[in-house]
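This report describes selected helices and strands of one structure, shown below.

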Amino acid sequence: MTNAMLELSAVGKSYDGQMAVEDVSLAVHKGEFIALMGPSGCGKTTTLRMIAGLETPTRGDIRLWGRRINDDHPWARDTPLVWQNYALFPFMTVRDNVEFGLKQRSVEAAIRRIKVDEWLERMGIAALAGRLPHQLSGGQRQRVALARALATEPELLLLDEPLSALDPHLKVRMQAELVRLHRELGIAFVCVTHSPSEAFAMADRVVIMNAGKVQQVGAPRALYRRAANSFVAEFLGGSNLVPGTVRQDGGRQVIDTAIGTFGVLEPAPSPGPATLVIGADKIVLSSIAPSNGGVAASVTTTDFNGASLTVFLECAGGQELKAVVASGAIEADAYTPGARVFASWSDDSGCLLYTSPSPRD
């Protein structure tokens with residue numbers, strides 16, 4: 001046993017003999033913000049529902065402070081869930097919605113009033129206390145749902161895609177709000193999302209899942225720079241994957257690929273097939289060949305988001321690359337479709353994924 005607040009040990013869930021979640025093991029400590037992330041159908045929401053008590057594991061154990069809770073009812077777990085659609089009671093006012101959990105716990109009326117007033121004020125919705133949910137904006141409904149969950153003073157809060165129904169500008173504001181609440185309250189958050197940007201902005205650790213299994217767990221920066229496998233690198237979307245073969249060239253380690261031979265500082269366990277992973281933000285583009293030769297490529301398309309420009313390239317043999325260029329460094333017409341450029345990066349910018357098992361796999 002560990003001193004974790006929440007512990008999943010080889011947890012699995014099957015439906016009609018098909019595994020939706022398989023052998024998930026995870027420890028969540030007091031005060032952590034954990035994000036469960038992955039594509040649709042990867043098992044992240046099923047995992048969250050098992051923690052909440054809305055699904056019963058087919059195998060394995062879920063423990064809260066060391067106590068097995070596999071068969072406990074949701075209301076006996078003190079792990080409130082903020083739903084993707086917020087699940088507010090449509091016939092109740094904002095005040096009544098926030099008060100609901102306290103009533104279910106038979107908290108005295110006077111104490112309920114104090115707690116509800118505190119959370120209405122804290123979430124900036126005191127002026128909305130008499131409104132019904134249909135009279136609220138998406139952001140206001142989310143604040144009511146959070147107030148309802150937090151009024152009971154849980155040690156663990158579960159969130160299912162809490163930002164998915166919000167407009168882009170409001171998502172950024174609510175990300176900051178969730179981070180602020182997490183820091184102020186000092187409780188653990190477990191949040192499901194399919195968005196790397198949301199997970200990286202909020203979480204202390206990110207759990208990446210695929211096909212019902214955990215692929216990698218780590219801090220956002222570590223995951224981004226050191227993917228455990230090609231699925232993680234491709235899902236996060238910020239890296240280029242170039243297949244090749246690692247070998248020693250004198251005292252230098254290199255990888256031979258279809259678009260050239262490149263130095264790699266990361267030690268390889270042995271020569272052989274590998275994939276070079278280079279972050280898109282590590283690639284430098286220029287209109288003339290750099291001293292190291294670089295990789296000749298043509299621009300296929302671009303994606304401008306205001307702060308930066310993602311440039312998509314096609315190299316020899318159909319190999320695709322992408323590079324992120326800061327807005328301030330963009331030259332007029334330099335990256336129009338069809339433009340010829342050279343892509344280069346330093347030897348310490350890439351890491352290796354191995355076709356055969358390696359110490360990081």
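The axes of helix 2 (residues 94-104) and helix 4 (residues 138-150) cross at roughly 30 degrees and come within 7 Å. Helix 2 is therefore roughly parallel to helix 4, a term used for angles under 35 degrees. Axes here are lines fitted to C-alpha atoms, for helices over the stretch in contact, and angles run from 0 to 180 degrees between N-to-C directions. Helices (H or I, at least four residues) and strands (E, at least two) are DSSP runs, numbered from the N terminus.

Val 94, Asn 97 and Val 98 in helix 2 meet Val 144, Ala 147 and Arg 148 in helix 4; contact means heavy atoms within 4.5 Å. The residues of this contact divide into four nonpolar, one polar and one charged. Ala, Val, Leu, Ile, Met, Phe, Trp, Tyr, Cys and Pro count as nonpolar, Asp, Glu, Lys and Arg as charged, and the others, Gly among them, as polar.

The model is predicted: local features need pLDDT of at least 70 and side-chain atom pairs count only at pLDDT 80 or more, while totals for chains, interfaces and linings use all residues. Residues are numbered from 1 along each chain as its sequence is written, and side-chain values use heavy atoms, with hydrogens and water left out.

Helix 4 also holds Gln 142. Gln 142 has a relative accessible area of 1% and is buried, which means under 20% relative accessible area (1.4 Å probe, protein chains only). Leaving aside neighbours within four places in sequence, Gln 142 is in contact with Tyr 86, Pro 162, Leu 163, Leu 166 and Met 174.

Helix 1 (residues 44-52) is largely enclosed by the rest of the structure, because seven of its nine residues are buried. Among them are Leu 48, Met 50 and Ile 51. Just after helix 1, Gly 53 takes a positive phi of about 90 degrees.

Strand 17 (residues 308-314) is mostly covered, with five of its seven residues buried. The pairings of strand 17 are listed here; two strands pair if DSSP finds at least two bridges between them.

| Partner of strand 17 | Sense | Bridges |
|---|---|---|
| Strand 16 (residues 295-304) | antiparallel | six bridges |
| Strand 18 (residues 320-326) | antiparallel | seven bridges |

Asp 303 stands opposite Thr 310 in strand 17, and Leu 313 stands opposite Leu 321 in strand 18. The hairpin of strand 16 and strand 17 has three residues between the strands, and Gly 306 there takes a positive phi near 100 degrees. Strand 17 and strand 18 form a hairpin with five residues between them, where Gly 317 in the turn has a positive phi of about 75 degrees.

Definitions and conventions. Parallel < 35°, antiparallel > 145°, perpendicular 65-115°, else oblique. Buried < 20%, exposed > 50% of the residue type's maximum accessible area, 1.4 Å probe, protein only.
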